[in-house]
Amino acid sequence: MRLYVYDHCPYCTRARMIFGLKQIDIDLQFLLNDDEKTPISMVGKKMVPILHKDDGQFMPESLDIVKYVDNHNGQPVLTGALLTKMTALIHQLDNDAFRKLCSPRFVRTALPEFATASARDYFSDKKQQTQGDFQQCIEDTPVLLKHITPILAQIEKEIKSPKACNGELSIDDICLFPLLRNLSIVKGLSFPPKVTAYMQEMSKLTHIPLFLDRAI
Ligand SMILES: N[C@@H](CCC(=O)N[C@@H](CS)C(=O)NCC(=O)O)C(=O)O
């Protein structure tokens, strides 16, 4: 199977996670951010992740991909229940400040989707229309973090194990880890201890590196 992704895309990280957790080999293909033709030719819109299945069909939508792979390749691993409080905190973390902290940093990072100037320009132009001037976003970091750190403090209280936020692997892990991974691009963001242990362990289990070494 082949998976088309951007490295910074949290929905793509969701899809990558299930392959890592189940130790299934995947041919990972990073598209350039301004490549509209490839995804449109596969699923009719410019959106990743896209799974190219062994039967030749293309499957979009991260959670559909996760459920498909979990249920069709060996024993399912996402056997735990969602917990209302954790699910709500994940939704809260996926906020405007999160996007304003991450986007301006990713476009300055050597990620495969931003390997060309036109890919970087495409992303910057599009995102700045909704998120505002990237330089301003960077300068606003202390203010933006005020919308993130209290949520991380609450997540800290809810994490049951570094191997699964609710104690048993579930879709909550599939939704939480990608957001925390993206926040690791923010230099100086101090993650609480249990959140840090969870990020490190999930990175190991899924074979998806954090961005800590490239934080800006
Ligand atoms: N509901 C979709 C959302 C996927 C999504 O929004 N992907 C973003 C990248 S993070 C995308 O491809 N946006 C179009 C673009 O970048 O132009 C899913 O869960 O897979």
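Trainee: Which residues do ring pairs link into a cluster?

Mentor: Please bear in mind that this model is predicted. Ring pairs join Phe-114, Phe-123 and Phe-134 into a cluster.

Trainee: How is a pair of aromatic rings described?

Mentor: One gives the distance between the ring centres and the angle between the planes. This structure holds 3 aromatic pairs. In one of them, the centres of Phe-106 and Phe-211 are 5.0 Å apart and the planes stand at 65 degrees, so this pair is edge-to-face. Phe-106 belongs to helix α5 (residues 96-106) and Phe-211 to the segment after α11 (193-206), so the pair ties together parts 105 residues apart in sequence.

Trainee: Are Phe-106 and Phe-211 buried or exposed?

Mentor: Both Phe-106 and Phe-211 are buried. Phe-123 and Phe-134 form a tilted pair, with 6.4 Å from centre to centre and 45 degrees between the planes. Phe-123 lies in helix α6 (residues 117-131) and Phe-134 in helix α7 (residues 134-139), so this pair ties together parts that are 11 residues apart in sequence. Phe-123 and Phe-134 are buried as well.

Trainee: Which polar side-chain atom lies 2.7 Å from an oxygen atom of the ligand?

Mentor: That atom belongs to Ser-62. A polar side-chain atom of Lys-46 is 2.8 Å from an oxygen atom of the ligand, and a polar backbone atom of Val-48 lies 2.9 Å from a ligand nitrogen atom.

Trainee: How much of the ligand does the protein bury?

Mentor: Taken alone, the ligand exposes 510 Å², of which the protein buries 82%.

Notes: Residues numbered from 1 in each chain as written. Predicted model: local features only at pLDDT ≥ 70, side-chain atom pairs only at ≥ 80, totals over all residues. Heavy atoms only, no water. Phe/Tyr/Trp six-rings, centres within 6.5 Å; stacked < 30°, edge-to-face > 60°. Helix = DSSP H or I, 4+ residues; strand = E, 2+ residues; numbered from the N terminus. Buried < 20%, exposed > 50% of the residue type's maximum accessible area, 1.4 Å probe, protein only. Polar contact = N/O pair within 3.5 Å; in protein donor to acceptor, adjacent residues only side chain to side chain. Areas by Shrake-Rupley, 256 points an atom, 1.4 Å probe, with all protein chains shown as cover.
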